[in-house]
Amino acid sequence: MSKITIGGKEVEVKGRFLHKGEHAPEFFGVGADLKDTPLSSFGDKRKVLNIFPSLDTDTCAITVRTFSKKAAKLPNTVVINVSCDLPFAQKRFCVAEGIDINNVSLSLIRGREFLINYGVEIGQGGLAGLAARAVYVLDEKNQIIYSELVPALSTEPNYDAALSVLH
């Protein structure tokens with residue numbers, strides 16, 4: 001079990017965080033159309049899984065904007081934002097921010113096993129049950145080529161390290 005800090009306080013993160021070289025397990029999230037969207041639906045694209053608790057926090061919103069801008073020019077790559085936000089909130093945010101087509105948001109209102117299977121479920125405190133901040137980068141065959149569990153929830157991930165594996 002991993003640990004992160006929230007407001008300087010250490011909390012447990014449930015599940016086993018996955019690492020480079022492992023195969024990403026199949027999962028599904030709920031898209032803006034309220035349909036279940038599996039990982040496999042992204043086919044042979046390279047995938048950046050940007051995982052966070054909620055778009056209603058500044059740091060989470062920054063990660064979506066930053067990955068959208070930095071990954072926009074990468075060929076055959078999609079950014080998949082994964083959070084426990086409702087699909088309506090995710091869509092509203094993306095429309096307001098002008099987030100492009102290579103950036104998809106998936107809600108965990110169903111398919112919550114993702115949190116445990118990817119080792120990102122905050123296990124205690126006021127945010128228990130939400131996702132910790134993490135990034136997985138997958139190749140075309142869903143092999144993990146980069147993974148980062150951000151140690152402090154208020155901190156942004158290492159964008160350059162995550163995206164450098166796609167150059």
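Helix H2 has its buried residues covered by elements that include strand E3 (28–30), helix H1 (58–71), strand E6 (77–83) and strand E7 (103–107), where contact means heavy atoms within 4.5 Å. Helices (H or I, at least four residues) and strands (E, at least two) are DSSP runs, numbered from the N terminus. The model is a predicted one, in which local features need pLDDT of at least 70 and side-chain atom pairs count only at pLDDT 80 or more, while totals for chains, interfaces and linings use all residues. Residues are numbered from 1 along each chain as its sequence is written, and side-chain values use heavy atoms, with hydrogens and water left out.

H2 itself spans residues 87–97, and its buried members are Pro-87, Ala-89, Gln-90, Phe-93 and Cys-94. Here buried means under 20% relative accessible area, exposed means over 50%, and partly exposed lies in between (1.4 Å probe, protein chains only). On the face turned away from the buried side, H2 carries the exposed residues Arg-92, Val-95 and Ala-96. After H2 comes Gly-98, with a positive phi near 70 degrees.

Ala-61 counts as buried because its relative accessibility is 6%. Leaving aside residues up to four places away in sequence, Ala-61 touches Leu-55 and Phe-93. The C-alpha atoms of Ala-61 and Glu-97 are separated by 9.6 Å, although the two residues are 36 apart along the chain.

The cysteines come next. With a disulfide taken as a pair of cysteine sulfur atoms within 2.5 Å, the count is 0 disulfides. Cys-84 is in no disulfide, and the nearest cysteine sulfur, that of Cys-60, is 11 Å away. Cys-84 counts as buried because its relative accessibility is 16%. Cys-94 is likewise in no disulfide, with the nearest cysteine sulfur, that of Cys-60, 13 Å away. At 11% relative accessibility, Cys-94 counts as buried too.

Turning to the strands, two of them pair if DSSP finds at least two bridges between them. An open sheet of 3 strands is ordered E1-E2-E8, with antiparallel pairing. Its edge strands are E1 (2–6) and E8 (121–122), each of which pairs on one side only. Strand E2 (residues 9–14) is joined to E8 by 2 bridges, and the two run antiparallel; Lys-14 has Glu-121 in E8 as its bridge partner. Elsewhere, 5 bridges join the antiparallel strands E9 (residues 134–138) and E10 (residues 144–149), with Val-135 partnered by Glu-148 in E10. E9 and E10 form a hairpin with 5 residues between them, and Asn-142 in the turn has a positive phi of about 65 degrees.

A nonpolar core is a set of buried Ala, Val, Leu, Ile, Met, Phe, Trp, Tyr and Cys residues joined through side-chain atoms within 4.5 Å. The largest one has 30 residues, of which Ile-51, Tyr-118, Val-120 and Tyr-136 touch the most other members. E2, strand E5 (46–51), E6, helix H3 (113–117), E9 and E10 each give two or more residues to this core. Among the residues that Ile-51 touches, not counting those up to four places away in sequence, are Val-82, Phe-114, Val-120 and Tyr-136. A second, separate core of 12 residues includes Val-48, Phe-67, Val-135 and Leu-163.
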